[in-house]
Amino acid sequence: MANKLTGSYNAVAQISRRQLNGLLASLHQNGASDQPPLRLGHNGVLRVGDPKPTRPEFVRLRFGNWIRNFQSAGGPSNLDDFRARLAVHAPPGAAKMMEEEFSKLEKGRPGRQPSKKPRGRVQLQLSSPTIILADGATSEATLLTDVRAHYDPDSGAGEIAAADHPLHGEVRAAFELSVLSSASGRKLSVRPSSKDSKIEFIAASGTGLTGAEVSRISGELRDIVREKFTPPPVDLPPDFPFSEFKVVGSGANQVIALPIQVSDSPLPSGRIQNLDENFADSSGFAFAASKEYIEDLLEPLFDAVSNVVRDFKKEIIIGVTVFGIPLKQTIKFTLQLKSGPSLEWESGRIKLSAHLKLVVRPGADLSFTFTQKFKLALNASTQQVTLEADGNPSVNTNLPFNFLHEAFENAIKDARDHALSGGAAPVNNAVNQVFAGARQKLIGGLKVFDESASATFTAVKITKDGLIVRGEIGSGPRQARVFGQHHDEDERDLAAPHRGHGARHGFERFIRAPVRKIDQCVVGEFAAAGPVALQGDVTRDEVL
């Protein structure tokens, strides 16, 4: 039967959607640098509406690129010199074929009939994206980003929208995520959805965009996403810990569940659907280890109890005088294990118990049960997770003679403490390694996306199904958001968030765009309802 917390796995990690949005913000910040392997751009200039080249056109294009590369490497300076050089050095038959191809190139690209379809250049500004996840999804995630765009049509080309209808709104694009295996190692593949309904544009309030215009924009958007926003597979480190995921829940506490390997045994395949429990609650991330797996790690505790029972031997000598004759009687006490030891998992604690028999010779035997409770502890400074005794052993009946009770209790305590922290294989070393190893694997996986990522444990919990450790994911400092300006080829100002001068002028030009009202001012991660300073003396009150 599948474990409620971990399904068919020994351990599972969960990461909250809000922490995933934080990672996306880091990737967006990485867009200002060419160094990180993964990054999301802030702005760009794209072509839209260009017909795809035919096969002959594609060959001519590739041949032209080859010629330019040859020239840049120190080859002939112009096309005539290049043709002459080939004619001299190539075999006669090959030289003739090349001359024929050059003649075709001279004729140029066939002219295209004028079209009123949209075709031209689009300048984009993109916000930091957020993620939308469907409960139960195992391969798809949707990115949502706000976009502002300016379209410059080619001569004779059609418009995307009316001139007084700004291209301002929200883009939603679904992507298929998978981990691919190759000869060079595993790779992360991110591919746009092939379903048109999963890539769409939603017009912002006040733009005046009609349904037909939104449909036209969505069509162009799908071509852009599929042709120009499909990243190549990204190499994953050999020890990248995750290979599949499942979305669990919805709303503010939605998480993705990721099976994680904590032993030498490979993860079982095809079992991801068994994960249905959100154990991260409102935390940024959490790990859960199944009670079945933890019980295997607690074998030294079982052995300790068994050894106490086996080695327990006490005796007393009772002296009496009968008719003036002194008599002595030796009474021997030993223990036998009737059943157990076994574990009982409860909310907040684990109970170790065993049913024992006190053998009295001579005398009547006595059966009793003892219980030792354990709790889970977190050392915040060292980040160590350990089991601790919760009080002393409890015996459900009074043993004859106090010294027997004390001797048994002390024997159990010594064996318990030695099993937890001493010996060749301390229980707490194994327990802590489960969560410390999972934490390091999580950090290693996060660093693929954010080199400054960290993970810190904040709370621990025992449930009827296993152990849970919760925490938060951290990242490096966020760069200050500044509204600046730059000039395109037509000398039109575009305001863009970047680090530089001209902030106020760029911001003023930005707000003079056709959408003339700002309902909410967003700076970095903060949404302001009151005045917020933007690089000095520009505040929200001044621009409404």
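In this short talk I will go through the charged residues of this structure and then some details of its backbone.

Please keep in mind that what we are looking at is a predicted model.

Let me begin with the salt bridges, of which a search of the whole structure finds 17. One of them brings together the side chains of D50 and R47, with a nitrogen-to-oxygen distance of 2.8 Å. D50 counts as partly exposed, because its relative accessibility is 39%, and R47 is also described as partly exposed, at a relative accessible area of 34%.

Another salt bridge is formed by K198 and E140, whose closest N and O atoms are 2.9 Å apart. This pair links distant parts of the chain, since K198 sits in the loop between β7 and β8 while E140 belongs to strand β5, and the two residues are 58 residues apart. K198 itself is partly exposed, with a relative accessibility of 27%.

A further example is the salt bridge between R361 and D365, where the closest N and O atoms are 2.9 Å apart. R361 has a relative accessibility of 46% and therefore counts as partly exposed, and D365, with 34%, is likewise counted as partly exposed.

Now to a patch of negative charge on the surface, where E292, D296, E299 and D303 gather. The elements that contribute two or more residues to this negative patch are α6, residues 291–297, and α7, residues 299–311.

Let me turn to the backbone, where a cis peptide bond joins G340 and P341, with omega at about -5 degrees. P341 is found in strand β14, which covers residues 325–346. A cis peptide bond also joins R361 and P362, again with omega at about -5 degrees, and P362 is found in the loop between β15 and β16.

Finally, which residues other than glycine have a positive phi? One is D281, with phi of about 60 degrees, found in the loop between β11 and β12 and partly exposed, with a relative accessible area of 43%. Another is Q383, with phi near 65 degrees, which lies in the loop between β16 and β17. Q383 counts as buried, because its relative accessibility is 9% and the cut-off for buried is under 20%.

How values were computed
Residues are numbered from 1 along each chain as its sequence is written. This is a predicted model: local features need pLDDT of at least 70, side-chain atom pairs count only at pLDDT 80 or more; totals for chains, interfaces and linings use all residues. Side-chain values use heavy atoms; hydrogens and water are left out. Patches are made of residues with over 30% relative accessible area and no salt bridge: like charges are joined within 9 Å, nonpolar side chains (Val, Leu, Ile, Met, Phe, Trp, Tyr) within 5 Å. Accessible areas come from the Shrake-Rupley method with a 1.4 Å probe; for residues, only the protein chains shown count as cover. A salt bridge is a side-chain nitrogen of Lys or Arg within 4 Å of a carboxyl oxygen of Asp or Glu. Lys and Arg count as positive and Asp and Glu as negative; His and the chain ends are not counted. The place of a charge is taken as NZ of Lys, CZ of Arg, CG of Asp or CD of Glu. Helices (H or I, at least four residues) and strands (E, at least two) are DSSP runs, numbered from the N terminus. Buried means under 20% relative accessible area, exposed over 50%, partly exposed in between (1.4 Å probe, protein chains only).
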